[in-house]
Amino acid sequence: DTLGLVVATAGTVPTNCWIVARYRDRLILGGDRANPHLIYASRQGTPTDWDDTAEDDQAAWTLSTADAGAIGEPVTAIIPHGDDCCIIGAGSSLWTLRSDVTYGGSVDNLSRSIGILDYHSYCHDSEGNLWFLGHDGLYFMSAGCGDRPLSVSRERLPEELIGIDRSATTVTMSYDCRDRGIHLV
């Protein structure tokens with residue numbers, strides 16, 4: 001029940017990362033202001049090991065939200081979505097990390113036009129479905145891995161929630177089990 005700095009036992013812990021997630025027993029970091037398109041993962045089972053030069057299946061790794069040879073968009077959200085995939089959101093693109101990169105996994109693009117507003121702008125419902133706010137509305141992705149996001153609100157969304165300036169506004173989402181609804185604050 002304490003909070004402390006992560007001190008590397010191997011490699012170097014990425015700094016200035018404001019997005020933090022846990023996926024497949026790894027600490028996942030993103031949002032580094034100097035390299036906003038990169039995602040860093042610790043060694044599986046060892047959140048203090050950041051040596052991404054190791055070549056075993058549990059080694060730490062670094063990914064980009066880009067196709068080969070291109071600098072990708074800044075990461076806005078890293079969302080574990082079940083045991084088999086992790087959704088990576090950017091301002092106007094969406095990616096899925098399937099399984100584990102060092103163990104035959106892959107990173108696939110789900111959309112080049114839909115993104116996730118911010119790392120607070122998502123929630124899972126009681127069935128494991130993912131709900132998130134993009135720049136043009138609320139989206140739904142079914143539980144599991146790889147389904148394309150479906151727009152559920154573009155025609156009904158209040159004007160205040162379209163085209164939000166994320167540098168000036170933070171939108172947080174949560175699922176209410178009792179009332180079976182999503183709260184946007």
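Tutor: Start at glycine 89: its bridge partner is leucine 94, in strand 9. Strands here are DSSP runs of E, at least two residues long, numbered from the N terminus. The model is predicted: local features need pLDDT of at least 70, side-chain atom pairs count only at pLDDT 80 or more, and totals for chains, interfaces and linings use all residues. Residues are numbered from 1 along each chain as its sequence is written, and side-chain values use heavy atoms, with hydrogens and water left out.

Student: How many bridges join strand 8 and strand 9, and in which sense do they pair?

Tutor: 5 bridges, antiparallel. Strand 8 covers residues 85–90 and strand 9 covers residues 94–98. Two strands pair if DSSP finds at least two bridges between them.

Student: What order do the strands take in that open sheet?

Tutor: 7-8-9-10, 4 strands with antiparallel pairing. Strand 7 (75–80) and strand 10 (106–111) each have a single partner strand, so one side of each is left without a neighbour in the sheet. Neighbouring strands are turned by 20° against each other on average, direction ignored. That angle is between axes, which are lines fitted to C-alpha atoms; angles run from 0 to 180 degrees between N-to-C directions.

Student: New topic. Which residues have the most contacts inside the largest nonpolar core?

Tutor: Ile28, Ile39, Trp61, Val75, Ile78, Ile88 and Leu97, in a core of 14 residues. A nonpolar core is a set of buried Ala, Val, Leu, Ile, Met, Phe, Trp, Tyr and Cys residues joined through side-chain atoms within 4.5 Å. Buried means under 20% relative accessible area, exposed over 50%, partly exposed in between (1.4 Å probe, protein chains only).

Student: Which strand gives the most to this core?

Tutor: Strand 2, with 3 residues. A second, separate core has 12 residues, including Ala77, Ile87, Leu130 and Tyr139.

Student: And how many disulfides?

Tutor: 0. The cut-off is a pair of cysteine sulfur atoms within 2.5 Å.

Student: Last one. What do strand 15 and strand 16 form?

Tutor: A hairpin, with 4 residues between them. Arginine 180 in the turn has a positive phi of about 50°. Strand 15 (residues 173–176) and strand 16 (residues 181–184) run antiparallel, joined by 4 bridges. Tyrosine 175 stands opposite isoleucine 182 in strand 16.
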